[in-house]
Amino acid sequence: MMLGDILAAAHRSGAGIETWLKPADPALWELLREEAVRQDLVPADIAQTAMAAFSDHASEEDWATLISKMRDAGDPGRVMLMTMIKWHLDMQQSDNAAAKREVAP
């Protein structure tokens with residue numbers, strides 16, 4: 001399956017993300033759920049945003065790491081989504097911390 005096919009399938013099935021992410025990585029699921037609550041969205045919306053953000057803004061190194069993880073995985077689609085979600089949440093956490101530093105006296 002091509003990467004574009006995996007992305008399209010993930011986009012179509014985003015609403016069922018809890019059924020596979022929660023057992024696969026409970027800590028990542030909790031971070032995703034908390035971010036969704038914080039933004040008044042559902043987790044699938046954050047996951048889809050993560051996919052788009054990674055596609056648009058990830059560095060060459062981030063892409064190389066993703067492809068390497070997918071190559072070595074039994075379920076490359078799952079690994080891809082989990083990596084993109086973690087990357088996105090890490091970026092948001094970093095951006096939030098930077099914003100707080102700018103506001104501090």
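Trainee: What pattern does the chain follow, read along the sequence?

Mentor: The pattern is α-α-α-α-α-α. Keep in mind that this is a predicted model.

Trainee: How many helices and strands is that?

Mentor: Six helices and zero strands.

Trainee: What percentage of the residues in the chain is buried?

Mentor: Buried residues make up 32% of the 105 residues.

Trainee: And the contacts? What share comes from residues 24 or more positions apart?

Mentor: Take the contacts with a separation of 6 or more. Residues 24 or more positions apart account for 64% of those.

Trainee: Let's do helix packing. What do I need to describe two packed helices?

Mentor: The angle between their axes and the distance between the axes.

Trainee: Then start with α2 and α3. Where do they sit, and at what angle do they cross?

Mentor: Helix α2 covers residues 17-24 and helix α3 covers residues 26-38. Their axes come within 5 Å and cross at roughly 130°.

Trainee: Which residues make the contact?

Mentor: From α2, they are Ile17, Glu18, Leu21, Lys22, Pro23 and Ala24. From α3, they are Pro26, Leu28, Trp29 and Leu32.

Trainee: How do they split by class?

Mentor: The contact of α2 with α3 has eight nonpolar residues, two charged and no polar ones.

Trainee: Next pair. How do α3 and α4 pack?

Mentor: Helix α4 spans residues 43-57. The α3 and α4 axes are 8 Å apart, at an angle of about 100°. The two helices are therefore roughly perpendicular to each other.

Trainee: Which residues meet there?

Mentor: On the α3 side, Trp29, Leu32, Arg33, Glu35 and Ala36. On the α4 side, Pro43, Ile46 and Ala47. That contact divides into six nonpolar, two charged and no polar residues.

Trainee: Is Asp40 buried or exposed?

Mentor: Exposed, at 71% relative accessibility. The cut-off for exposed is over 50%, so Asp40 qualifies.

Trainee: Switching to α6. Where is Met84, and how accessible is it?

Mentor: Met84 is found in helix α6. Its relative accessible area is 0%, so Met84 is buried.

Trainee: How far is Met84 from Ala47?

Mentor: Their C-alpha atoms are separated by 8.0 Å. Along the chain, Met84 and Ala47 are 37 residues apart.

Trainee: And His88, buried or exposed?

Mentor: His88 is in helix α6 too. At 8% relative accessibility, His88 counts as buried.

Trainee: What does His88 touch?

Mentor: Ile46, Thr49, Ala50 and Ala53. That leaves out residues up to four places away in sequence.

Trainee: Gln92 next. Where is it, and what is its relative accessible area?

Mentor: Gln92 lies in helix α6. Its relative accessible area is 18%. Buried means under 20%, so Gln92 is buried.

Trainee: Which residues is Gln92 in contact with?

Mentor: Glu35 and Gln39, leaving aside neighbours within four places in sequence.

Trainee: What volume has the second largest pocket?

Mentor: About 190 Å³. Its lining has 13 residues. Nearest its centre lie Lys69, Met82, Thr83, Lys86 and Trp87.

Trainee: Which elements supply at least two residues there?

Mentor: α5, residues 60-71, and α6.

Methods
Residues are numbered from 1 along each chain as its sequence is written. This is a predicted model: local features need pLDDT of at least 70, side-chain atom pairs count only at pLDDT 80 or more; totals for chains, interfaces and linings use all residues. Side-chain values use heavy atoms; hydrogens and water are left out. Axes are lines fitted to C-alpha atoms, for helices over the stretch in contact, and angles run from 0 to 180 degrees between N-to-C directions. Helices (H or I, at least four residues) and strands (E, at least two) are DSSP runs, numbered from the N terminus. Contact means heavy atoms within 4.5 Å. Ala, Val, Leu, Ile, Met, Phe, Trp, Tyr, Cys and Pro count as nonpolar, Asp, Glu, Lys and Arg as charged, and the others, Gly among them, as polar. On a 1 Å grid over the protein atoms alone, a cavity is a set of points where a 1.4 Å probe fits but cannot get out, and a pocket is an open set with protein on both sides within 12 Å along at least five of seven lines; lining residues have an atom within 4 Å of a point. Grid points are joined across faces, edges and corners, and a volume is the space filled by probe spheres set on the points. Buried means under 20% relative accessible area, exposed over 50%, partly exposed in between (1.4 Å probe, protein chains only). Angles under 35 degrees count as roughly parallel, over 145 as roughly antiparallel, 65 to 115 as roughly perpendicular and the rest as oblique.
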